[in-house]
Amino acid sequence: MTNLDPASTDLVLRRAVELSTVEPASGEVELSAAAVADIAAEVGLPASTVASAIAEHQAGVDNDRSFLDRIIGPDQIWARRLSTSNEDDTRQRAQRWLSSSHGLKARVRPDGVVVANRRRGVSGMVAVGARRAGGHGGLGRVREVQVAAVDVDDKPGAVCVAADIGNKRSEAVAGGAVMVTSGAAVVGVVALFTGPATLAALPVVAGIGTLATRIMHQSRVRRITEEVEATIDGIATGVDPSIALTDKLRGRLNRTEPTVDPPQSSE
């Protein structure tokens with residue numbers, strides 16, 4: 001059973017309150033998830049919201065938006081669901097999904113959180129490439145994925161999947177920086193012939209570079225969000241990842257299959 005220190009208990013209860021729109025409460029000693037649920041129940045919070053809040057906290061979800069989050073986009077994508085099984089089964093499902101569907105190397109930390117990272121070397125590149133070719137494996141190139149499963153009172157609770165995409169945002173920022181640098185160089189050369197007034201275009205170049213960075217990153221955010229949602233749905237409901245992969249591939253083939261008009265009657 002999960003234990004929480006005072007700071008974590010405060011964060012979890014505050015998040016549970018946000019989920020139920022009730023006034024916040026906090027604890028002062030290390031408590032089990034069941035104890036936190038009991039405290040929450042005193043102010044009318046259901047156990048499911050406590051399990052959800054603890055799962056978010058353990059998965060490392062950051063609900064605060066930074067400057068880059070607002071300008072470029074998030075460096076973390078996460079989703080939460082109520083689970084249909086206990087903590088141990090949910091963790092096993094998560095490991096199967098992250099390994100089979102995304103080619104990641106998954107392990108369980110001492111605190112029970114499943115952590116998955118990219119496999120190193122040629123084998124890791126091949127594993128991710130093969131899955132992407134089949135329309136899956138979209139989490140194979142993120143920095144890290146964490147999955148937390150939490151039960152309350154020995155009942156199925158909640159599961160949270162959080163993908164760290166800081167590396168993808170950094171790539172987008174780097175691409176935008178190259179665009180801005182190239183544009184600034186062109187403006188500088190033109191200014192040599194047309195005069196300093198041309199330098200007024202530099203803020204426009206910077207703005208275009210920022211916009212391009214945002215568009216590039218948001219496109220990746222949409223794709224990875226779909227993968228996170230599909231993954232957590234599979235983990236929460238117990239769908240086998242191989243079946244989900246087959247269904248997804250079949251759907252892709254159906255969308256790309258050419259349409260043939262039926263033969264027309266000569267009558």
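Which residues in H7 meet which residues in H8? In this predicted model, Lys168, Arg169, Glu171, Ala172, Val173, Gly176, Met179, Val180, Gly183, Ala184 and Val187 are the residues that H7 brings to the contact, and they meet Leu202, Val205, Ala206, Ile208, Gly209, Ala212, Thr213, Met216, His217, Arg220 and Ile224 in H8. By residue class, the contact of H7 with H8 comprises 13 nonpolar, five polar and four charged residues.

The geometry of this pair can be stated as follows. Helix H7 spans residues 166-194 and helix H8 spans residues 202-237, and their axes, which come within 8 Å, cross at roughly 155°. Because of that angle, H7 is roughly antiparallel to H8, and the crossing of the two helices is right-handed.

H8 also packs against helix H5, which covers residues 87-101; here the angle is about 140° and the axes lie 9 Å apart. H5 and H8 are therefore oblique to each other, since only angles over 145 degrees count as roughly antiparallel, and their crossing is right-handed. On the H5 side the contact is made by Thr90, Arg93, Ala94, Trp97 and Leu98, which meet Ala230, Thr231, Gly234, Ile235, Ala236 and Thr237 in H8. The residues of this contact of H5 with H8 fall into six nonpolar, four polar and one charged.

The strands of the model include five that form an open sheet, arranged in the order E3-E7-E6-E5-E4 with antiparallel pairing. Strand E3 (76-82) and E4 are the edge strands, each of them pairing on one side only. On average, and with direction ignored, neighbouring strands of this sheet are turned by 15° against each other.

Within the sheet, strand E4 (residues 104-108) and strand E5 (residues 114-118) run antiparallel and are joined by five bridges. Together E4 and E5 form a hairpin with five residues between them, and in the turn glycine 112 has a positive phi of about 90°. Alanine 106 has alanine 116 in E5 as its bridge partner, while arginine 107 stands opposite valine 115 in E5. Valine 115 also has a bridge partner in E6, namely glutamine 146. E5 and strand E6 (residues 144-152) likewise run antiparallel, with three bridges joining them.

Helices pack on this sheet as well. Helix H3 (residues 47-58) lies across E3, E6 and strand E7 (155-164), and runs at about 155° to E6. H8 touches E3 and E7 as it packs on the sheet, and the direction of H8 makes about 25° with that of E3.

The mean pLDDT of the chain is 79, and 77% of its residues reach 70 or more. The pLDDT is below 50 over residues 22-28, a stretch that has 16 contacts in the model beyond near neighbours in sequence. Over residues 252-260 the pLDDT is also below 50, and this stretch has two contacts in the model beyond near neighbours in sequence. Where pLDDT is low, the predicted coordinates should not be read in detail.

Technical notes. Residues are numbered from 1 along each chain as its sequence is written. This is a predicted model: local features need pLDDT of at least 70, side-chain atom pairs count only at pLDDT 80 or more; totals for chains, interfaces and linings use all residues. Side-chain values use heavy atoms; hydrogens and water are left out. Axes are lines fitted to C-alpha atoms, for helices over the stretch in contact, and angles run from 0 to 180 degrees between N-to-C directions. Helices (H or I, at least four residues) and strands (E, at least two) are DSSP runs, numbered from the N terminus. Angles under 35 degrees count as roughly parallel, over 145 as roughly antiparallel, 65 to 115 as roughly perpendicular and the rest as oblique. A crossing is left-handed if the near helix is turned anticlockwise from the far one by less than a right angle, and right-handed if clockwise. Contact means heavy atoms within 4.5 Å. Ala, Val, Leu, Ile, Met, Phe, Trp, Tyr, Cys and Pro count as nonpolar, Asp, Glu, Lys and Arg as charged, and the others, Gly among them, as polar. Two strands pair if DSSP finds at least two bridges between them. pLDDT is the predictor's confidence in each residue, from 0 to 100.
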